[in-house]
Amino acid sequence: MIRICVRATPRSPVCTSIPILLRPTCTARQFSSSSWRKEDPRLSNFGRELVDEFAVMRDKYDTPKNTIVLAHGLLGFDELRLAGQFIPGIQYWRGITDALAHKGIEVIVAAVPPSGSIEARSAKLAERIAQQAKGKRVNIIAHSMRGLDSRYMISQLRPTDFKILSLTTIATPHRGSTFADYMFETIGPRRIKRIYKVMEYFGFETGAFAQLTQEYMQSNFNPKTPDAPEVKYYSYGASLEPERWSVFKPSHAIIKPKEGINDGLVSVYSSQWGEYKGTLIGVSHLDLINWTNRLKWFFWELTGSQRNFNAIAFYLDICDMLAKEDL
């Protein structure tokens, strides 16, 4: 059991005890998107509601003819090994890379510094792709903050060692995050500096965090990072109504009043960029990369409920879409 306390208001802490990943945060039946659209005018362009389209894998998916680049989010990695070569590593794209490769899709996983600035991560991203793509044409699929790195790389770095055909972002905070704003306001400048010193002592960069605020994204990053006309941009968002024991309950409660429906870290409003392909209903920020504990679904199915999301089916469908777009 882990107990988390976060102050939703200056005098009102939100505390919850969390059994990590034992049950899904919600189901589609618990979520009413139509009511939210009435309450929040920002969500008039809510997009297609993806309730259980990716619950199971289809028999056939088209294979894109060009290479797929999987780009991880903030604090992400390719493979994390906690016990050297003795125990299998933890993959960021859990089972997804292997599933795509099994379908004959050429996949590149591009790891970068987990918490560096967008500029630093973008430069490393371009370097990693160039090393592996070797002049090929690529389609980038980016989770969370990595979508921002990819946008900056496309717009500002303009790599010539490979050709970018498309960028698909998944729950990327294109307009920043209320949760980032809240953390900076609550912690305060002095304590932020102390935290940064500790992180830097252990080898972590800290440039990414301030760039997640709404002010930075909307007043600085977006105006200076226009889309490239030759690249196609697609995006997906996700939403959930977390149970009281969910790890996302505190952050969801902070984001919801100001940005509306969200996946526990990023709102649907902030996720939309380019051609918005739809909103995944009842899916958390970590469900999107298949970090859903199998035991959680086992207990969930004992109650008679059906699993509504399979991350591998979702990524195969994105590749199928890219193939049909001749990308």
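Leaving aside neighbours within four places in sequence, which residues is His-285 in contact with? The list runs to His-143, Ser-144, Ala-171, Phe-248, Asp-263, Leu-265 and Val-266, where contact means heavy atoms within 4.5 Å. Before going further, a word on what you're looking at: this is a predicted model, where local features need pLDDT of at least 70 and side-chain atom pairs count only at pLDDT 80 or more, while totals for chains, interfaces and linings use all residues. Residues are numbered from 1 along each chain as its sequence is written, and side-chain values use heavy atoms, with hydrogens and water left out.

Back to His-285. You'll find His-285 in the loop between β11 (275–281) and α11 (294–302). Those labels are DSSP runs numbered from the N terminus, with helices being H or I of at least four residues and strands E of at least two. His-285 is buried, at a relative accessible area of 4%; buried means under 20%, exposed over 50%, and partly exposed in between, using a 1.4 Å probe and protein chains only. The side chain of His-285 also has a polar contact of 3.0 Å with that of Ser-144. (A polar contact is a pair of N or O atoms within 3.5 Å; within protein, one must be able to donate a hydrogen and the other to accept it, and residues adjacent in sequence count only if both atoms are side-chain atoms.)

Next, the helices. α4 (146–157) packs against helix α8 (residues 214–224) at an angle of about 40 degrees, their axes 9 Å apart. Axes here are lines fitted to C-alpha atoms, for helices over the stretch in contact, and angles run from 0 to 180 degrees between N-to-C directions. The two helices are therefore oblique to each other, since angles under 35 degrees count as roughly parallel, over 145 as roughly antiparallel, 65 to 115 as roughly perpendicular and the rest as oblique. On the α4 side, the contact is made by Leu-148, Arg-151, Tyr-152, Ser-155 and Gln-156, and on the α8 side by Met-217, Phe-221, Asn-222 and Lys-224.

Follow the chain into the loop between α4 and β9 (163–170) and you come to Arg-158. Most residues other than glycine have a negative phi. Arg-158, though not a glycine, has a positive phi of about 45 degrees, and it is exposed at 53% relative accessibility. Asp-326 is another non-glycine with a positive phi, of about 60 degrees, and sits in the segment after α12.

Now for the charges. The structure holds 14 salt bridges, each a side-chain nitrogen of Lys or Arg within 4 Å of a carboxyl oxygen of Asp or Glu. One joins Lys-232 and Glu-325 at 3.6 Å, N to O. Lys-232 lies in strand β10 (residues 232–239) and Glu-325 in the segment after α12 (311–324), so this pair ties together parts 93 residues apart in sequence. Both ends are partly exposed, Lys-232 at 38% and Glu-325 at 33%.

Another salt bridge pairs Lys-256 with Glu-241 at 3.1 Å, N to O. Here Lys-256 is in helix α9 (residues 249–259) and Glu-241 in the loop between β10 and α9, so the parts tied together are 15 residues apart in sequence.

Finally, Asp-62 and Lys-60 meet in a salt bridge of 2.8 Å, N to O. Asp-62 is partly exposed at 26%, whereas Lys-60 is exposed at 58%. Both belong to a network of salt bridges that also links Arg-58, Asp-317, Asp-320 and Lys-324.
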